Amino acid sequence: MEILSKVHARNFVMWAKDKPTVYVLSADLTSSTEADLFRDTYPERFLSMGIAEQNMLSFAGGMAREGLHPFIHTFAVFIYRRAYDQIAVSIAYPNLPVRMIGFLPGVTTPGGATHQAIEDIAVMRALPNMTIFECGDATDVESVLDVAHKVDGPVYIRMLRGEIPRLFAPTDTIRFNKARLISRGSDLTVLSTGICTEEAMRAIQVLEKRGLSVQHMHVTTLKPFSDAAVMTAIAQSRYGVITMENHSIIGGLGTIVAEQMAEAGIGKKLVRIGLQDTFVHGASRPYLMRKYRLDAMALIDEVQKLTGQNFSISEDELAQVYIAPVHSDAKPEAL
């Protein structure tokens with residue numbers, strides 16, 4: 001597995017080179033959101049707004065009205081919790097092209113409940129005009145800017161930082177409102193998003209060796225969500241579908257899929273892997289994913305329950321996951 005460092009920092013600078021209307025706004029978390037390289041490269045297009053997220057979002061709305069394209073950079077939790085009213089009234093209601101890039105979603109931070117965005121998808125998808133993307137690897141990080149920039153309206157992105165893997169080829173980029181097909185199968189459909197996709201891949205490669213046929217799809221567009229291929233895969237699955245997300249099961253991918261299945265009249269079993277209506281304490285990402293059942297073994301356990309089979313899979317059989325040092329220069333988990 002290829003591991004890359006500060007992908008967004010380098011990619012954003014290259015991407016914005018010929019886009020003079022693109023500005024970066026930071027809420028005093030410039031280096032922590034990999035915006036420092038943009039600041040140093042294009043200082044005239046960088047605005048440090050201080051620890052004042054409500055003002056920053058309103059300001060961004062004003063910039064967008066004047067034909068500019070502001071890109072908000074801060075921790076995800078400080079976007080939707082601190083400035084929800086400003087997002088709703090100053091950005092979503094007038095349908096303005098403000099791109100909100102939220103870092104440290106879910107359990108990717110040890111900062112505890114005050115810093116962990118565990119219900120952001122549920123909150124933001126309720127806003128009219130809002131588009132939502134989530135990145136799961138380096139290729140997603142590199143390609144999400146192009147997709148987001150083409151959206152005629154506000155965009156919220158769950159972004160990864162620090163040292164991250166490349167799960168997909170650089171040419172296998174995000175496609176708007178299209179799930180990425182990872183494997184084909186007829187026994188079970190697995191839909192994963194964000195950091196849970198790597199865990200699902202670890203589990204599924206072993207399950208397939210045991211003879212289970214799994215259709216695995218990586219979801220990057222969470223709103224809108226109308227990819228017909230997803231519902232077709234679920235309808236054709238023998239045992240049903242499992243969703244896997246770094247978010248509460250309430251209002252996130254699991255809820256989205258449940259809504260779509262109900263409307264389509266698909267009577268298949270749905271299992272939702274995610275945070276089970278709980279806040280999360282502070283610890284390392286691997287520990288939290290294991291404790292709160294967001295990892296590969298959690299998926300294997302749910303597959304066994306769903307299929308009524310015991311695949312006798314141990315942790316030793318799973319592919320090793322790269323664990324970045326907490327306090328490296330890339331700041332993968334540190335605040």
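User: Is His-73 buried or exposed, and why does it count that way?

Analyst: Keep in mind that this is a predicted model. His-73 has a relative accessibility of 1%, and because buried means under 20%, His-73 counts as buried.

User: Where does His-73 lie, and which residues does it touch?

Analyst: His-73 lies in strand β4, which covers residues 69–75. Leaving out residues up to four places away in sequence, His-73 touches His-8, Phe-12, Val-24, Leu-25, Ser-26, Ala-27, Thr-33, Ala-35, Ile-101 and Phe-103.

User: What polar contact does its side chain make with another side chain?

Analyst: The side chain of His-73 makes a polar contact with the side chain of His-8, at 2.9 Å, and the His-73 side chain also reaches the backbone oxygen of Phe-71 at 3.2 Å.

User: OK, moving to helix α1, at what angle do α1 and α7 pack?

Analyst: Helix α1 (residues 7–15) and helix α7 (residues 138–149) pack at an angle of about 35°, and their axes are 9 Å apart. The crossing of α1 past α7 is right-handed. On the α1 side the residues involved are Val-7, His-8, Asn-11, Phe-12 and Trp-15, and they meet Ala-138, Val-141, Glu-142, Leu-145, Asp-146 and His-149 of α7. Sorted by class, this contact holds six nonpolar, three polar and two charged residues.

User: How many residues of α7 are buried?

Analyst: Nine of the twelve residues in α7 are buried, so the helix is mostly covered; among them are Val-141, Val-144, Leu-145 and Val-147. At the start of α7, a side-chain oxygen of Asp-137 comes to within 3.1 Å of the backbone nitrogen of Thr-139.

User: New topic, the open sheet: in what order do its five strands come?

Analyst: The order is β9-β11-β10-β13-β14, with mixed pairing. The edges are taken by β9 (180–183) and β14 (270–275), and because each has a single partner strand, one side of each is left without a neighbour in the sheet. Neighbouring strands are turned by 20° against each other on average, with direction ignored.

User: How many bridges join β9 to β11?

Analyst: Three bridges join β9 to β11 (residues 214–219), and these two strands run antiparallel; within that pairing, Ser-183 stands opposite His-216 in β11.

User: And which strands does helix α10 lie across?

Analyst: Helix α10 (residues 253–264) lies across β10 (188–193), β11, β13 (241–248) and β14, and it runs at about 140° to β13.

Key. Residues numbered from 1 in each chain as written. Predicted model: local features only at pLDDT ≥ 70, side-chain atom pairs only at ≥ 80, totals over all residues. Heavy atoms only, no water. Axes fitted to C-alpha atoms, helices over the stretch in contact; angles between N-to-C directions. Helix = DSSP H or I, 4+ residues; strand = E, 2+ residues; numbered from the N terminus. Left-handed = near helix turned anticlockwise from the far one by under 90°. Contact = heavy atoms within 4.5 Å. Nonpolar A, V, L, I, M, F, W, Y, C, P; charged D, E, K, R; others polar. Pairing = 2+ DSSP bridges. Buried < 20%, exposed > 50% of the residue type's maximum accessible area, 1.4 Å probe, protein only. Polar contact = N/O pair within 3.5 Å; in protein donor to acceptor, adjacent residues only side chain to side chain.
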